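Hello,

Here is the structure I promised to pass on to you. Have a look at it, and then read my notes below.

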Amino acid sequence: MRLRLRSLGVALAATAALVTLPAHTPATAAETPLSQGKAVTSSSDENAGTPAAYAVDGSTATRWSSGASDDQWLRVDLGATASVTQIVLNWEAAYGKDYKVQISADGSTWTDLKSVTGGDGGTDTLDVTGQGRYVRMLGVHRATQWGYSLWEFQVFGSTDTSQPGTCSTANAAQGRPSSASSTENAGTPASAAFDGDAGTRWSSQAADPQWLQVDLGSVQTLCKVDLTWEAAYAKEFQLQASTDGQTWTTLKSVTGATGGSASYDVSGSGRYLRVNGTVRATPYGYSLWEVAVHTGSGSVPPVQGGGDLGPNVIVVDPSTPNLQQKFDQVFAQQESNQFGSGRYQFLLKPGTYNGINAQLGFYTSISGLGLNPDDTQINGDITVDAGWFNGNATQNFWRSAENLALRPVSGDDRWAVAQAAPFRRIHVQGGLNLAPNGYGWASGGYIADSKIDGTVGPYSQQQWYTRDSSVGGWTNGVWNMTFTGVQGAPATNFDSGPYTTLDNTPVSREKPFLYLDGSDYKVFVPAKRTNARGVSWPANAGGTSLPLSQFYVVKAGATAATINAALAQGLNLLFTPGVYHLDRTIEVNRANTVVLGLGLATLVPDNGVDAMHVADVDGVRLAGFLIDAGSVNSDTLLQIGPAGSSADHSANPTTMQDVFVRIGGAGPGLATNSVVVNSDDAIIDHTWLWRADHGSGVGWDTNRADYGLKVNGDDVLATGLFVEHFNKYDVLWSGERGRTIFFQNEKAYDVPNAAAVTHDGIVGYAAYKVADTVNEHEAWGLGSYCNFTTDSTIVQAHGFQVPVKSGIKMHDLLVISLGGKGQYAHVVNSTGAPTSGTDTVPSKVTLFP
């Protein structure tokens, strides 16, 4: 932890106080602050020694400090609606020069209590008037190069017990209608768990999963659930709520339960409450003597759709003054800010922009707001280069460009990227250079639904996937260049070259995008295409438009409870750029729900919860966000369909596009599984699942993550699959009739020794493993690379492992030893020449078996 002295202010002293400066007087209220010891969250924490909780612990010897950027916040949940009269901020040396204090009823929609400009640190005492449950400090501009740091954040006032937040002692479930997935026998019906008699019980059949639910008669504010288990209890279960008995929101996920009597505080609303058992503790079923449900006084206001897009979305038009300066300011902050918390989205209204060079750094996206790319014309460049990393583009991650036309000044636009940097729906009126200035290393990348009039020059790019596009030409490639549905693509030549080319993409659907219809924001949701070739625009055939009013616009300070309430109401989600900490799993249960992120919006699950679960329903669209594992192990960061999913979604599949996962790098992260796909027919269209090999919190066990992608559903298609560095299998495919088009992989760098990855007599886990039970599977254009920096003597048995059956076809596989840091003995199973030496030369298999 870095020590900071108040004398840091030497360079900051002697600024004239503005009229909005708060008074530097102690709080007049002598009572304990309403905020003390309450639940608190923040946009970021500088390190583990300065967590958000330290700002409300009543001690002036401990503090919260944020990441070193503007637009940070600290939010406290008072636990109930309160009338707030005074707020005291005791700043450490790193204080807010400009900030706001805000209040909210639901943790989503905020009202300013006080705006402070020209602050000078110390203790700020603000007299305010307002009502709400949540209070936050929203930093606008820092006074120092560090983040924001508060010894104490104190909220004074009185709790309004007439508002939601007071939890009744009465049991709202007693005597209410109930049902269950099963009953053991006629003597243990569902109703026995709600009859108020501790001598009667419900018990289920002896199988997982099982559920028990009660109808409360109307939508209620839910605040606590008491469970009294019989000897046959649940080891793992969820408490869930629903407004209609069909679509469920998880209020609490419980693991490692020990039975007996237990009470669980919850926050949410619903007419129906369900106990959903997933793992039994005994060979018997689930058995409950009693379930009691407690409600708050008053109703929960509905979550509102629409609204503004928040402070990190920069909307411009051709007449915007100092437009180049806006691009340059964000780039200066984000160019090398690889693991920072800044997130930005530029939205360009239709029109013609002249002389612009939008350089894109980390977590920066640029998109046109027309319905078609040519509606937004840039006579200039969108540039990604690698000057920040001495001409090496292999770490140019997490940025994007979308839905505009581009006429480069020099004739060629430079897009020198690595993973997680999609180039979608772009019309380049010229050529495209995929290498950095100086032609240093590059390791990308992905193009879809784009038209490049000139020639694409990969030059030093090691691998690339292009889908449903057109190019004027393609000059070369290093290892693995794969094309599907690309007009002008080079012919297949993998024996002596890098090319794998399929004339069409079997199934595809373009990513949803935001656009302007007059002055109204809408989200266009493209239709599914089969055997696609070339771009989808300008026809946009079969797509639908959704008004912004049908989206909950998620902004800084939003809670998982509010996000789930919005989903339960039938709203879609639009995440504005930011970092969102989740204390519960986001539950996407409604068919055709759109979850769209702007500016690489980032979800961080806390305390070991999963980040997101998608039900086994039709047509969910997940797009444009990053999931960053928390420091407590999550079982599965993203789950598409529960275990055992079997519904047919071939007519309307769920799609996962530009959804990225990171474990470590920004700090310690842990997850057993990154992504698990249980639903049939899902489409994974461009993902990078990355267990970090550099950054903070990196080590074989420090950021342990066993599996990158597990596919259990049938008929799943992956187009543009990047998965790297997992402790066991990077991809484990168990569903039937799976297909992958383009796969890029590096095995974990930090394997301590061969013994650590030896299993079943095999040294090393395959990068891509098709389960022995699978009968049909096909894949094209797959590469795996090893770089065993801890022990370069490791010889991995193979890059790919598949059952040898007539229905298994693997096309164009390669393995590479990067500079001789470890080797592969074979390409696939026991087939393919070993890698050798330090020459970084691929070993290939064109067809297996």
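Which residues do ring pairs link into a cluster? They are Phe339, Phe362, Tyr363, Trp388, Phe389, Phe397, Trp398, Trp688 and Trp690. Rings of Phe, Tyr and Trp (its six-membered ring) pair if their centres lie within 6.5 Å; planes under 30 degrees apart count as stacked, over 60 as edge-to-face and the rest as tilted.

Some background before you go on. This is a predicted model, in which local features need pLDDT of at least 70 and side-chain atom pairs count only at pLDDT 80 or more, while totals for chains, interfaces and linings use all residues. Residues are numbered from 1 along each chain as its sequence is written, and side-chain values use heavy atoms, with hydrogens and water left out.

There are 35 aromatic pairs in the structure. One of them joins Phe483 and Tyr499 in a tilted arrangement, with 6.1 Å centre to centre and 55° between the planes. Phe483 lies in strand β27 (residues 480-487) and Tyr499 in strand β28 (residues 499-502), so this pair ties together parts 16 residues apart in sequence. Strands here are DSSP runs (E, at least two residues), numbered from the N terminus. Phe483 is buried at 0% relative accessibility, and Tyr499 is buried at 13%; buried means under 20% relative accessible area (1.4 Å probe, protein chains only).

Charges also sit over rings (NZ of Lys or CZ of Arg within 6 Å of the ring centre and within 35 degrees of the ring normal). Arg343 lies over the face of Tyr363, 3.7 Å from the ring centre, and Tyr363 belongs to the cluster above.

Enjoy exploring!

Key: Helices (H or I, at least four residues) and strands (E, at least two) are DSSP runs, numbered from the N terminus. Buried means under 20% relative accessible area, exposed over 50%, partly exposed in between (1.4 Å probe, protein chains only).
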